[in-house]
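Dear colleague,

I am handing over the structure below, and I would be glad if you could look through it alongside the notes that come after it.

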Amino acid sequence: GLNFIDLMVRQGNIDNPPKTPLVPGFECSGIVEALGDSVKGFEIGDRVMAFVNYNAWAEVVCTPVEFVYKIPDDMSFSEAAAFPMNFVAAYMMLFEVANLREGMSVLVHSAGGGVGQAVAQLCSTIPNVTVFGTASSFKHEAIKNSVTHLFDRNADYVQEVKRISVDGVDIVLDCLCGENTGKGLSLLKPLGTYILYGSSNMVTGETKSFFSFAKSWWQVEKVNPIKLYEENKVIAGFSLLNLLFKQNRGGLIKGVMDKLLNLYNSKKIKPVVDSLWALEEVKEAMQRIHDRGNIGKLILDVEKAPTPLMANDSTETSEAGEEEEDHEGDNENKERMPFIQ
């Protein structure tokens, strides 16, 4: 699986990035080739998906058994590689942190991405949940049926939400940070929950930018605990990778995965795979995420041959920024996308 956090790792936009050389990636699917001496519950030849603390983008991956799960019979390997990070994060934020219940409302940014689509599907499993989503306008046709109200990411979504729901929303899921933090807090109803789970606004150019980092940081609403007390609002943060690999909550994650696989087997949720890429195409795949061009999840497939370049393809790296997401280049990129038919 290829996630936005991988792009941030590459740029050094995370705390204590590992030293190079390293193999990136935090999730994968495949077939068990070997077992540790004390491993129980798995056999050689089992189809599995797993969390990995780096090194997932490899032909052979080793990870502790607590991070490994069997794949349902009717789930493909590409769907399995798209499943763990997005759906576990979405489920835990909605149900473990924000306590989503019938009749609530949720605002999610990047509604066309992997987490955004997982959030929309999980919300549909609860009666009468209203989902407000922001996404680039070129994605609206493809995802309009997955959310209740869809807004252009560059529009004034705060006023649009308040026009539909005067009191605001119960849950805000923010992967952008920056000025969206204050906007999200302003939209919360009393007893509402704002959850920060990413900071993609810090990624603009192709390398780490101190200016982008500083701009995003200074735009963040300075949270005053007294104000939270007076307004009855909850602010929270969520990092699945820290929960797994730094805070040793693998057992908690296993319980969540069991619930998610039950939902998958009852056909209530299904991973959305945007496209498959060869390992040699990782640069172009990451560029697609950088330009926010994907709908659902990008997957690296070790058995896939690279897609031949077309005449109008450029090997130059785009400097497209977060504010330039709707540029015409997105359409050019789509022409060489190895989309799943």
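This is a predicted model: local features need pLDDT of at least 70, side-chain atom pairs count only at pLDDT 80 or more; totals for chains, interfaces and linings use all residues.

The chain contains 13 helices and 11 strands, and 50% of its 341 residues count as buried.

Helix α3, residues 84-97, packs with helix α4, residues 114-123, at an angle of about 50 degrees, the two axes being 8 Å apart. Because of that angle, α3 is oblique to α4, and the crossing of the two is right-handed. On the α3 side the contact is made by Asn 86, Phe 87, Ala 90, Tyr 91, Met 93, Leu 94 and Phe 95, while α4 contributes Gly 114, Val 115, Ala 118, Val 119, Gln 121, Leu 122 and Cys 123. Sorted by class, the contact of α3 with α4 has 11 nonpolar residues and three polar ones, with no charged residues.

Helix α7, residues 179-187, has Asn 180, Thr 181, Gly 182, Gly 184, Leu 185 and Leu 187 as its buried residues. These buried residues of α7 pack against helix α6 (157-164) and against the strands β4 (105-108), β7 (169-174), β8 (188-196) and β9 (234-237).

Leu 107 belongs to strand β4, and it is buried, since its relative accessible area is 0%. From C-alpha to C-alpha, Leu 107 is 9.5 Å from Tyr 194, although 87 residues separate the two in sequence.

Gly 293, by contrast, sits in a loop, between α12 (282-290) and β11 (297-301). Gly 293 counts as buried because its relative accessibility is 6%, where the cut-off for buried is under 20%. With residues up to four places away in sequence again left out, Gly 293 touches Phe 138, Lys 139 and Arg 288. Its C-alpha atom is separated by 9.1 Å from that of Gly 112, which is 181 residues away along the chain.

Conventions: Residues are numbered from 1 along each chain as its sequence is written. Side-chain values use heavy atoms; hydrogens and water are left out. Helices (H or I, at least four residues) and strands (E, at least two) are DSSP runs, numbered from the N terminus. Buried means under 20% relative accessible area, exposed over 50%, partly exposed in between (1.4 Å probe, protein chains only). Axes are lines fitted to C-alpha atoms, for helices over the stretch in contact, and angles run from 0 to 180 degrees between N-to-C directions. Angles under 35 degrees count as roughly parallel, over 145 as roughly antiparallel, 65 to 115 as roughly perpendicular and the rest as oblique. A crossing is left-handed if the near helix is turned anticlockwise from the far one by less than a right angle, and right-handed if clockwise. Contact means heavy atoms within 4.5 Å. Ala, Val, Leu, Ile, Met, Phe, Trp, Tyr, Cys and Pro count as nonpolar, Asp, Glu, Lys and Arg as charged, and the others, Gly among them, as polar.
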